[in-house]
Amino acid sequence: MPSSSRSRDPRRVVLTADGPALIEGPVEVCMPDGRVVRADRFQVALCLCRRSADYPLCDTSHRRHRRSAP
């Protein structure tokens, strides 16, 4: 894998209170089964609730299943 100065720059990850993790793109996500999911967007939403039909990318399914306050 070629190394570039851009690949050494830190990526900003924003954890939302009740939704996805927002990551400055583009990104490659390495899945446990060996697949690599690529997203070329300037900001990528990664699903944290695992409800997304497009997992690991967020499809806003979390909005339909809000958690109740403890």
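**Figure 1. Largest nonpolar core of the predicted model.** In this predicted structure, the largest nonpolar core is made up of 10 residues: A21, I23, V27, V29, M31, V37, A39, V44, L46 and L57. Strands β2, β3 (27-30), β4 (36-39) and β5 each contribute at least two residues to this core. In soluble globular proteins, nonpolar side chains tend to be buried together.

**Figure 2. Surroundings of L46.** L46 is one of the core residues. With neighbours within four places in sequence set aside, L46 is in contact with P20, A21, I23, V29, P56, L57 and C58. Among these contacts, A21, I23, V29 and L57 also belong to the largest nonpolar core.

Figure 3. Strand β2 spans residues 21-24. A21 and I23 lie on its covered face, whereas L22 and E24 lie on the uncovered one. Both residues of the covered face, A21 and I23, are members of the largest nonpolar core.

Figure 4. Strand β1 (residues 13-15) runs antiparallel to β2, and 3 bridges join the two. A hairpin of 5 residues connects β1 to β2. A21 in β2 is the bridge partner of L15. Strand β5 (residues 43-46) is also antiparallel to β2, with 4 bridges between them. In β5, V44 stands opposite I23.

**Figure 5. Salt bridge R12–E24.** The model has 3 salt bridges. In one of them, the side chains of R12 and E24 meet with an N to O distance of 3.5 Å. R12 is in the loop between α1 (5-8) and β1 and E24 is in strand β2, so the pair ties together parts 12 residues apart in sequence. R12 counts as exposed because its relative accessibility is 56%, over the 50% cut-off. E24, at 31% relative accessibility, counts as partly exposed.

**Figure 6. Salt bridge E28–R38.** E28 and R38 form a salt bridge in which the closest N and O atoms are 3.0 Å apart. The pair links distant parts of the chain, with E28 in strand β3 and R38 in strand β4, 10 residues apart. E28 is partly exposed at 44% relative accessibility, while R38 is exposed, with a relative accessible area of 57%.

**Figure 7. Salt bridge D33–R35.** The side chains of D33 and R35 meet in a salt bridge at 3.1 Å, N to O. D33 has a relative accessible area of 55% and is therefore exposed. R35 is partly exposed, with a relative accessible area of 42%. Side chains of opposite charge can pair when their charged atoms come close.

Note on methods: Residues are numbered from 1 along each chain as its sequence is written. This is a predicted model: local features need pLDDT of at least 70, side-chain atom pairs count only at pLDDT 80 or more; totals for chains, interfaces and linings use all residues. Side-chain values use heavy atoms; hydrogens and water are left out. Buried means under 20% relative accessible area, exposed over 50%, partly exposed in between (1.4 Å probe, protein chains only). Two strands pair if DSSP finds at least two bridges between them. A nonpolar core is a set of buried Ala, Val, Leu, Ile, Met, Phe, Trp, Tyr and Cys residues joined through side-chain atoms within 4.5 Å. Contact means heavy atoms within 4.5 Å. A salt bridge is a side-chain nitrogen of Lys or Arg within 4 Å of a carboxyl oxygen of Asp or Glu.
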